[in-house]
Amino acid sequence: MKVTLGFFLIAGLVFAAGVFSFMLYSKFSGKLLAEAEGAGGMIAYAEAPVNDNQSTGQATVAANPAPEPAELPPAKTSNMIDAPMVRQKPELPSGCEITSLTMLLQFYGVNKSKMELLPEMKYDKTPIVFNKDGRIQSWGNPNLGFVGDPTGTRGRGFGIYHSALIDLLKKYVPTAVDLTRKPFAEVEKQILSGIPVVAWTTIDYRVPSEWVIWDTPIGPIQTTFMEHAVLVVGIDEQNVYINDPLSGKEKQKIDKEQFVAIWEAMGRQAISYKKS
């Protein structure tokens, strides 16, 4: 009887110990699980499949392609500039260049007249010498300064070229630019940007058929008495528009092909300035 009672007592103690150990293990394991989840990432879970509604940012970008680039506006091919109109006559019958420069400077904002600018212009005062047949043997060089008298009161006047006139432009406009011997496209760019250009052409707007040659302080020069300078104020696909100081016509239309041919014959001379 005692043996049987002792056996049941021992079995009960073993069972109770097992139950207690199981409860203690479960509690301890649950605590570790909670701590692991709270620590963020110590336990790895299998990734669930991503459906269309759970797509990432990459999928969103693919679903919304970039917009088509905007079309560029067409290139500008024409422009007309409202520049001052100044006549060279009656004071300066041979002063087309200084008068054209006056228009350019007044457009820029220099408040000076052609007669105020006249004494500031460079001069080549080499006297004129004639041959026995009446042709000019020697005279000044327009690349050095104005040749002769622009007023006509002290003798014959001829003109001045870009290389000597641009110094006066630089005096008032720091961004003065010499476009001489550059393609006519550079003149067009100036007009399209809204800046007039002093350009050399001829009085009758024809390619010269008569040329003269005389000796100068720096060697012979070939030129024409039809030499003229104007202010180019407009451009389009077919025409060039000028302020002509001799005729007094404002925005006078000249066929572009014709104008360019004359301009090239006169040495492709042109001066202007760049926007600061």
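Partly exposed describes a residue whose relative accessible area falls between the buried limit, under 20%, and the exposed limit, over 50%. The model discussed here is predicted.

Q: Is Asp-167 buried, partly exposed or exposed?
A: Asp-167 has a relative accessibility of 31%. Buried needs under 20% and exposed needs over 50%. Asp-167 therefore counts as partly exposed.

Q: Which residue forms a salt bridge with Asp-167?
A: The closest N and O atoms of the pair are 2.3 Å apart. A salt bridge requires a Lys or Arg side-chain nitrogen within 4 Å of a carboxyl oxygen of Asp or Glu. The partner of Asp-167 is Lys-122.

Q: How many residues apart in sequence are the parts that Asp-167 and Lys-122 tie together?
A: Asp-167 lies in helix α5, residues 162–172. Lys-122 lies in the loop between α4 (114–117) and β2. The pair therefore ties together parts that are 45 residues apart in sequence.

Q: Which residue meets Asp-82 in a salt bridge?
A: The side chains meet at 2.4 Å, N to O. Asp-82 lies in the loop between β1 (79–80) and α3 (96–108), and its partner in the loop between β12 (239–243) and β13 (252–255), so the pair ties together parts that are 169 residues apart in sequence.

Q: How many salt bridges does the structure hold?
A: One of them joins Asp-133 to Arg-135, with the closest N and O atoms 2.7 Å apart. Lys-112, Glu-120 and Lys-171 are linked in a network of salt bridges. The structure's count is nine.

Q: Which strands are the edge strands of the open sheet of three strands?
A: The sheet has mixed pairing and the order β2-β5-β6. β2 and β5 pair in the parallel sense over two bridges. An edge strand pairs on one side only, and the two are β2 and β6.

Q: Which elements give two or more residues to the lining of the largest pocket?
A: This pocket holds about 190 Å³ of space. Among its 14 lining residues, the closest to the centre are Thr-126, Trp-139, Gly-148, Asp-149 and Arg-156. The elements are β2 (123–124) and β5 (146–148).

Q: How many charged residues are in the lining of the second largest pocket?
A: About 170 Å³ of space lies in this pocket. Its lining includes Arg-156, Phe-158, Glu-227 and His-228. Six lining residues are nonpolar and four are polar; the charged ones number two.

Definitions and conventions. Residues are numbered from 1 along each chain as its sequence is written. This is a predicted model: local features need pLDDT of at least 70, side-chain atom pairs count only at pLDDT 80 or more; totals for chains, interfaces and linings use all residues. Side-chain values use heavy atoms; hydrogens and water are left out. On a 1 Å grid over the protein atoms alone, a cavity is a set of points where a 1.4 Å probe fits but cannot get out, and a pocket is an open set with protein on both sides within 12 Å along at least five of seven lines; lining residues have an atom within 4 Å of a point. Grid points are joined across faces, edges and corners, and a volume is the space filled by probe spheres set on the points. Helices (H or I, at least four residues) and strands (E, at least two) are DSSP runs, numbered from the N terminus. Ala, Val, Leu, Ile, Met, Phe, Trp, Tyr, Cys and Pro count as nonpolar, Asp, Glu, Lys and Arg as charged, and the others, Gly among them, as polar. Two strands pair if DSSP finds at least two bridges between them. Buried means under 20% relative accessible area, exposed over 50%, partly exposed in between (1.4 Å probe, protein chains only).
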